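Visitor: Hi, could you walk me through this one while I have it open on my screen?
Guide: Happy to, just ask away.

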Amino acid sequence: MFPFSAQDRAAAVGAFKPDPRRTISKTQALSVYERAAKSVRDSESLYGGPATNVLLKAANLGTCKSIFEYGCGAGQLAERILSHEQAAAAMPEYLAIDLSPNMVAEASSRLRKFGGQARVACTKNQVGFLGDPGLEGRMDAFISTYVFDLLSDEEIANALTLAWRLLKPNGKLCLSGLTYGKGPIGWIATGIWEGIHWAFPEIVGGCRCQLLLPYLGPGWALDTDVTVAGGFLSSQVLVARKQPDQALF
Ligand SMILES: C[S@@+](CC[C@H](N)C(=O)[O-])C[C@H]1O[C@@H](n2cnc3c(N)ncnc32)[C@H](O)[C@@H]1O
């Protein structure tokens, strides 16, 4: 992983209001997602599907030559993006990482048909291709769906720093994740979800409702920030562009 100092990280975490809710540890996340490698499909789920459609439309990835996905799970989103772009005859390079070896195995097998255009690395014990300094500033888009929901403030700061370093100037940060519902049904669903997360976070995969915007410092210019309902739950969809002349946090 690209190095950045403990001081940078502390400044990053201190820049936004800390989230007091507990998050699951990496070991807990591994145990949850290793078991769920065949069933997790948030980006295609009842709640995540509509938000993913909005995210892909807003992100307009057709012009991207290189895409990075953080927490790719079993690779459904990568398959969708690459199939679409393959049909448009402009398949981008697609690099993806995930913490779970089982998820990486699922994703690698799903994406094998795209040959060397798609590469997936497991970050459980190694950094994989993230160790390649040539990646810095090379990506057109950094995408992540339903992963920041389970990360701590410090891990979110790390992930945003990684995004900022991988992206070209003006490159796109494309995020979706669970957020707070609107209206009586949305409030009740959010309350039930948050109650389960508070008592038994692993049951909901460690995912909690979030507002992602406060995590983005001046280093990001916001293009899209919408809330999309899917089933009883709601997701936040954010697209922002890297501003290389601004401070990240
Ligand atoms: C809720 S699933 C979402 C999967 C996929 N992005 C989707 O939308 O269907 C969360 C994924 O993030 C991965 N993950 C959890 N913590 C991670 C970390 N620190 N770094 C990379 N991946 C992580 C999990 O292994 C799992 O595949």
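Visitor: How many residues sit between S6 and S7 in their hairpin?
Guide: Two residues lie between S6 and S7, and Gly231 in the turn has a positive phi of about 65°. Helices (H or I, at least four residues) and strands (E, at least two) are DSSP runs here, numbered from the N terminus. This is a predicted model, where local features need pLDDT of at least 70, side-chain atom pairs count only at pLDDT 80 or more, and totals for chains, interfaces and linings use all residues. Residues are numbered from 1 along each chain as its sequence is written, and side-chain values use heavy atoms, with hydrogens and water left out.

Visitor: In which sense do S6 and S7 pair, parallel or antiparallel?
Guide: Antiparallel: strand S6 (residues 220-230) and strand S7 (residues 233-242) pair over 10 bridges. Two strands count as paired if DSSP finds at least two bridges between them.

Visitor: What does Trp220 touch?
Guide: Leaving out residues up to four places away in sequence, Trp220 touches Leu160, Ala163, Trp164, Leu167, Leu173, Ala240, Arg241, Lys242, Gln243 and Leu248. Contact means heavy atoms within 4.5 Å.

Visitor: Which residues of the largest nonpolar core touch the most other members?
Guide: Trp220 is one of them, along with Leu61, Phe68, Tyr70, Tyr94 and Ile143, in a core of 80 residues. Helix H6 (residues 153-166) gives the largest share, eight residues. A nonpolar core is a set of buried Ala, Val, Leu, Ile, Met, Phe, Trp, Tyr and Cys residues joined through side-chain atoms within 4.5 Å. Buried means under 20% relative accessible area, exposed over 50%, and partly exposed in between (1.4 Å probe, protein chains only).

Visitor: Is Cys64 buried or exposed?
Guide: Cys64 counts as buried because its relative accessibility is 5%. Cys174 is buried too, at 0%.

Visitor: Now helix H5. Which of its residues are buried?
Guide: In H5 (residues 101-111), they are Met103, Val104, Ala107 and Leu111. They sit on the same side of H5, because they cover an arc of only 95° around the axis. The arc is that of the directions from the helix axis to the C-beta atoms.

Visitor: What covers them?
Guide: The cover includes helix H2 (26-35), helix H4 (76-87), strand S2 (93-98) and strand S3 (118-122). As for Val104, it touches Asp98, Val120, Ala121 and Cys122, not counting residues up to four places away in sequence. Val104 is buried, with a relative accessible area of 10%.

Visitor: What is Ala78 in contact with?
Guide: Leaving aside neighbours within four places in sequence, Ala78 meets Glu69, Tyr94 and Leu111. Ala78 is found in helix H4 and counts as buried, at 0% relative accessibility.

Visitor: Last one: which residues does the UniProt domain annotation cover?
Guide: The unreviewed UniProt entry has "domain: Methyltransferase type" over residues 69-173. UniProt positions are given in the numbering used here, feature names are shortened, and annotations may be inferred rather than shown by experiment. Over residues 69-173 the chain is 35% helix and 26% strand, with the end C-alpha atoms 10 Å apart.
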